[in-house]
Each structure stands twice: as C-alpha cells, then as structure tokens.
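Okay, thanks for coming, everyone.

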Amino acid sequence: MAAARATVAVVATVSVAALSYFLCDFLSQKTQLPRSTKKKKKRQLGTRSGVIGAIGNTPLIRINSLSDATGCEILGKCEFLNPGGSVKDRVAVKIIEELVVQALESGKLVRGGVVTEGSAGSTAISLATVAPAYGCKCHVVIPDDAAIEKSQILEALGATVEKVRPVSITHRDHYVNIARRWAAEANELAAKHPKINQGNGEMSEEVNGFHPDEGRPAAVILNDCKGGLFADQFENLANFRAHYEGTGPEIWEQTDGSLDAFVAAAGTGGTVAGVSRFLQDKNPNIKCYLVDPPGSSLFNKVTRGVMYTKEEAEGKRLKNPFDTVTEGIGINRLTENFSMATLDGAFRGTDMEAVEMSRYLLKNDGLFLGSSSAMNCVGAVRMAQLLGPGHTIVTILCDNGMRHLSKFYNDEYLSRFNLKPSAVGLEFLGIK
Ligand SMILES: Cc1ncc(COP(=O)(O)O)c(C=O)c1O
C-alpha cells in the first residue's frame, strides 16, 4: 500500500513538473520575443552612420482606424520618418551612390560638382539633403505651381532653385529637360576647363572665363565647372533598385512574408515598381495594385494597356489644364521605372477622397499625411473592399502634411476646386 502511494506521489510530481515545464515553455514562447525579433530590436536601437545611415528601415504601422473599419490589417510604411522627410531619401542615396560616386571615382566629376534634377519637390529635397554627404551641390528645376514650402525647404538646405512654367515633357523647357541640359552644360564646361577641376571649388569668373547667361541661374550651376550629373529620377533605374533592394525587402521582413496585397500611387513609378516586383518575386500570389489620381493615364495603362485619360479626349483638354490637388503622383507618360512594375490591377482615386482621407486619419489616428499618402490609403481601403475582411494590405506613407500646408491643408485653396471635406467617417468610400 505504502509502495503504491509512493508510486502515485512520484507519478503526480513528475506529471506536475512536466506540465509546468511545458506550460512555462509555452508561455515563454508566447511572451518572449523570438530570437530574430530580439536581434532586430538591438539593431534598430544601435547607432547608424550619419544621415545616410538613418535612411530606410522605417517602421511599418497598423493604421488602426482603417483596419478596424475594414476588418483587414492595413499597414503603412512610415517613409515620412526618413531624415529628408520622404520615401525619396532612398532614391536620392541610390542615385548618388550609383552615379555620383562612380563619376567621382572615375574623375568625371570632382568634389563640388553639381547634381541637377527636375522635380516637383520630394526627390529634390532628398537630393539636397544627401548631396553634401558626397561633397556635391544640388540644383533643382521645379514647376512654379508646386507648393511654396518645397522651394523654401530646398533653399534652406542650400540647393539652388529654378522655377519654371509647367509645360509638356515634349517641350524643351519642361523642368526635367532643363535640368538635363544644365548637367550636360556643366560637363561640357568642366571638360573645356580641366584645370579648374583640380581647384578648391572657389567660384572664380576669371579662372572659368565663363559669363552666365542673362536671367539664367547659370552662375550658380556652372561657375566652378566641376561637372554635373543629371539625377533623372524618372528614367534612372537606380530609383527602381532603391525600392527593390530596400523598401520591398523591409516590407517582406516586417510582415514575415504574410501579406496579401500592396497598393500605391505612382509618380516616377519607382516605388510601385520596386516593391511590386520584389514582393511578387517572393510570392506571386501577393496582389499588387496601383491607385491613380485624376488626370493620370496610368489607370488606363494598367487596366487596358493604353496611356490615355478622359481629359485628353478631343476638344476636352482645358486651356490651362488642372488635373489634381495631389502632388508627386500621376503621370501621362510611361517611364522606365514604371515599366518595371508587376501590377494586377488599378483603382482610380479622386481628389475629394484623398482630402477626406487625410482629415479622417488626422482625426482618428493622429496621422498628419501628405496628399500622396492620403491617396495611398484610399487605395488600401479599396483593396480591402475588393479582397474582403481578414487580409493584410501594405501601403506607403510617403511624406507628412507639413509640406502641404499651403495647398492640401489650406481650406481656402481647396475651396477653389470645390473640395470641402465634410465626412464624419469613411462614408466617402461607401463604409457606414
Ligand atoms: C510625396 C510623393 N509621394 C509619392 C511619390 C511617388 O513615388 P514614385 O516616384 O516612386 O512613384 C512622389 C514622387 O515624387 C512624391 O514626391
């Protein structure tokens, strides 16, 4: 009897011990961070090297209001947290590393040379932010209808800014073409005056023997003749690679590969192309969609294979065409970067939806986002409606609202286009 009681006691003790061992193990698995996450945390908390090292590895956040309203996990990549304030920091670094560093090493460009770009804002700000880290100057040609904050920031960063009338890309004076020309002229001049290339970068008309054109900002660009490089964000595939090698892999890692869809608008197309191609190389079942603002022909390109907008129909083109209040997205030509995208479909987004979305996110999530990010979130909700609840959808939060105070966040400006946000919830997207 005593032996039997002892056996029961031993069995009970062993069972309790085993149970608590498994329970502890189970709980520790539940509550402790997996090893890879611990490592990641450590890496994130460590120091990074200079402003360049601070670019990328941005957080991916759950946008709570949109997730709760749709039953999907809607995640936003916080690109507005990059040091230059936008997703374009990645592109600026990649372009400079590929183009400028190569040119510096081969002697085609010397320290003090100028990087030129035709950009409505964000890429230029990012180039101006990173150029000094490579000993370069930055000259930017922008359309004169871009928000004033952008040129103010550029000038504060030390870039020179040339504002020009918006004209078609086929016009020789489109801002992109002007920027390309400046780089070529700077190079020609540098080649004609090779000795100046060896100088210390001091500006000297006598040494250069160059007299700037009347009324053109040539003095700033060409004066020290150290060569120029055209960043060319639309056609330069360094843009695509920045996202294929950076943004895409980060999204994949941050979601542990368990996402169902990615959606974003396109300007150059670099983001949507780099991310869509990377994600679909990893898993072809991930749906990649474009959201396209008014006036852009990409929706038709993706859904019907033709670059055409209804605004372009015979006799419909306005004298002073006005397409959208969003900035940095929408385009009427096919860029090299966009051509790299692998897309399953596209949504149209309206200005009203983007404006309403921006105010909704501000009120409900404390997210103060720029116009393209707001449009991306419209796309994310459209994607959730298409897929139904239970899916994980990622989009890009490109920049924040501070660069958009004079237009997108200016009620008086918006009212000129009959844009008066009034929604209480997400009824503007058909969600009660
Ligand atoms: C603020 C902002 N968001 C989004 C985009 C679009 O990104 P991408 O050029 O990669 O298509 C741009 C492009 O300039 C931009 O400036």
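**Core, sheet and ligand shell**

So, let's begin with the largest nonpolar core, which has 106 residues. The ones with the most contacts inside this core are Val 115, Ala 128, Phe 262, Tyr 289, Leu 290 and Ile 393. Helix α17, residues 371-387, supplies the largest share of the core, and that share is 8 residues. Both domains are in on this: domain 1 (55-83 + 246-429) and domain 2 (88-230) each put at least three residues into the core. Oh, and keep in mind that what you're looking at is a predicted model.

Okay, on to the strands. Take β4, residues 137-143: is this strand mostly covered or mostly open? Mostly covered, with 6 of its 7 residues buried. On one pairing, β4 goes with strand β3, residues 114-118, in the parallel sense, over 5 bridges. If you want to find that pairing on screen, look for Gly 118, which stands opposite Val 141 in β4. Then there's β5, residues 160-164, which runs parallel to β4 and is joined to β4 by 5 bridges. Here the pair to click on is Val 140 with its bridge partner in β5, Val 161. And how does the chain get from β4 to β5? It passes through helix α7, residues 148-156, in a right-handed β-α-β crossover.

Now the ligand. There are 18 residues around the ligand, and those that come nearest are Ser 122, Gly 267, Thr 271, Gly 328 and Ser 372. Two elements give two or more residues to this shell, namely α6 (122-130) and α13 (270-282). Of these, α13 gives the most, with 3 residues. Sorted by class, the shell comes out as 12 polar, 4 nonpolar and 2 charged residues. So why do I say that the ligand shell lies between the domains? Because domain 1 (55-83 + 246-429) and domain 2 (88-230) both contribute residues to the shell.

One last stop, away from those topics: Asp 68, which sits in helix α4, residues 64-70. Asp 68 has 12 other C-beta atoms within 10 Å, so this residue counts as exposed, the cut-off for that being 12 or fewer. Along the chain, Asp 68 and Pro 389 are 321 residues apart, yet their C-alpha atoms are separated by 9.9 Å.

That's my tour, so over to you for questions.

How values were computed. Residues are numbered from 1 along each chain as its sequence is written. This is a predicted model: local features need pLDDT of at least 70, side-chain atom pairs count only at pLDDT 80 or more; totals for chains, interfaces and linings use all residues. A residue is near a molecule or strand if its C-beta atom, placed from the backbone, lies within 6 Å of it. Helices (H or I, at least four residues) and strands (E, at least two) are DSSP runs, numbered from the N terminus. Ala, Val, Leu, Ile, Met, Phe, Trp, Tyr, Cys and Pro count as nonpolar, Asp, Glu, Lys and Arg as charged, and the others, Gly among them, as polar. Domain bounds come from an automatic or database domain assignment. A residue is buried if 20 or more other C-beta atoms lie within 10 Å of its own, exposed if 12 or fewer, and partly exposed in between; C-beta atoms are placed from the backbone. Two strands pair if DSSP finds at least two bridges between them. A crossover is right-handed if, with the strands pointing away from the viewer, the path from the first strand over the helix to the second runs clockwise. A nonpolar core is a set of buried Ala, Val, Leu, Ile, Met, Phe, Trp, Tyr and Cys residues joined through C-beta atoms within 7 Å.
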